[in-house]
Amino acid sequence: MNGIHIFHRNRLGASCPKQYVLSAVIILAGIIVASHSACATDAASSGKTVFVRVGIPCNGQVTLGSGTAGELLQIGEDLKLDHAQFCVGEDGEIACVGPDGACKDLHAPILVHLAKEVEEAGGQEAALIWLDNAKAVYKGSFELSVDSKGGLSLVNIVALEDYVAGVVPYEIGASSPYEALRAQAVVARTEALGGLGRHSSQGFDLCATTHCQVYKGAGAELANPMVRQAVDSTSGEVIFYGDVPAKAANYHACCGGFTESPGDLWGTDVPYMHTVRCNGEIDACGDGVYMSEEDVRNWIETPDPKDYCYGSNGYRWSVVYSQEALAEILQPVIGRGACVESLEVAARTPRGAAVRLVIHTSSGDFEVSGEYAIRSALGGTQSVKSGVFVVNAYGDAPAKFELVGAGYGHGVGMCQYGARAMAKQGYDYKAILEKYYPGATVGAFRP
Ligand SMILES: [Zn+2]
Ligand SMILES: [Zn+2]
């Protein structure tokens, strides 16, 4: 998905489930009264816990079990079981099959939580529920319901800080340096609060995939104590611009040397996310970067060891296609039987990301617009790692095409490889965040 909607997603539709309209109202009210100078402990000491509803992908059937020794799951109001399998029955009710094979129809929505509240004690003793296998453990509770297409919908209702701890290790890697983990925690929290209600029509706030943020529960957090430490030490902290919490704090794997402006890429300007040089020069670009076609090639062909993300996965990349392979990949756009004569990047952002591609073929010209759409059309966003690329063609017809590029991801906001390098060089998380969100600061939001 393109990130366009990232900046339009704090809207709450009138059809939101009451429960989370309420929670969102509480949060928004908190944001309005938030004091920029408030310290992080205010949020914690206020005693109010913000809960996030996270949509967990499931394929029509799910097994939930108690991940805490000696405790049973409380399933709905009446059932207590060690574990149970759930699916939607033909009658539209949720069928629950217990360990003894007995099946019971339950009326959705069903809340599943631990039968007895378990005291949090250093994370390990916290109330845990496993999902499909004993190692995939989650904090909080689960809600099972039937979605609009009659399928099973699974929502993890989890405290904000536990949600953040379930995002950080999957988004930047649990083994990242401590200050990079802390920077990621602040960014993940900012994105979570800014994104509440994004999936309101589906009955949850945020999905658990790259569309929102990758969230896989408490497994990695429990295996890597530094993750929890990074989350706790920044508890309640988010990016602020001026006196208000930021609605978005985008991030990406590797910028390749220059970060991207969301205004140029997606059409929505964000004052604290313009192009910056990913090295020790303090905001060397400002808003003034402009890359000609020649500049883009020069950037890609001249790696700079001073760049924080230099040498990382995706800093520079290339992908090669034969004529036949490229024609096959582009078939949804150009149809069958056409010969690709050339690929022309017809428009770029000032930072150099392709936003309009013209494919010249033996059957005529075809156009693809948008950075993400272009990467997808050319073979997928994993292989065409960014929109910053140039095209080399070899042989007659031509026989071979090569895309050579810089960076991995959309390039907007924090460069995660850059953040890791800055942390290794001794910068703290605030310095990292101020680098990639120029003009923004870090403050505590109060629920
Ligand atoms: Zn999402
Ligand atoms: Zn970078």
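How many bridges join strand 9 to strand 10, and which way do the two strands run? Three bridges join strand 9 (residues 129-131) to strand 10 (residues 133-138), and the pair runs antiparallel. Before going further, a word on what you're looking at: this is a predicted model, in which local features need pLDDT of at least 70, side-chain atom pairs count only at pLDDT 80 or more, and totals for chains, interfaces and linings use all residues. Residues are numbered from 1 along each chain as its sequence is written, while chains are lettered from A and ligands numbered from 1 in the order in which they are written.

Helices (H or I, at least four residues) and strands (E, at least two) are DSSP runs, numbered from the N terminus. Two strands pair if DSSP finds at least two bridges between them.

Back to that first pair. W130 has V137 of strand 10 as its bridge partner. Strands 9 and 10 form a hairpin with one residue between them.

Seven strands form it in the order 4-3-8-11-12-1-13, with mixed pairing. Its edges are strand 4 (79-81) and strand 13 (206-207), each of which pairs on one side only. Strand 13 runs parallel to strand 1 (residues 51-56), and two bridges join them.

Helix 3 lies across strand 1 and strand 12 (152-159), at about 110 degrees to strand 12. Axes here are lines fitted to C-alpha atoms, for helices over the stretch in contact, and angles run from 0 to 180 degrees between N-to-C directions. Two residues are in contact if their C-beta atoms, placed from the backbone, lie within 7 Å.

Helix 3 (residues 160-173) also meets helix 6 (residues 225-232): their axes come within 9 Å and cross at roughly 130 degrees. The two helices are therefore oblique to each other; angles under 35 degrees count as roughly parallel, over 145 as roughly antiparallel, 65 to 115 as roughly perpendicular and the rest as oblique. Helix 3 brings E161, V164, A165, V168 and P169 to the contact, and helix 6 brings V227, R228, A230 and V231.

Next come two cis peptide bonds. One runs from A108 to P109, with omega near -5 degrees, and P109 sits in the loop between strand 7 (103-106) and strand 8 (110-114). Another joins A397 and P398, with omega about -15 degrees. P398 lies in the loop between strand 21 (389-394) and strand 22 (400-406). A397 has a positive phi too, near 95 degrees, and is partly exposed, with 14 other C-beta atoms within 10 Å.

Last stop: I359, in strand 19 (residues 354-361). I359 counts as buried because it has 23 C-beta neighbours inside 10 Å. Leaving aside neighbours within four places in sequence, I359 is in contact with L330, V333, I334, V340, L343, D365 and F366. I359 and L330 are 29 residues apart along the chain, yet their C-alpha atoms are separated by 9.0 Å.

Conventions. Buried ≥ 20, exposed ≤ 12 C-beta atoms within 10 Å, placed from the backbone.
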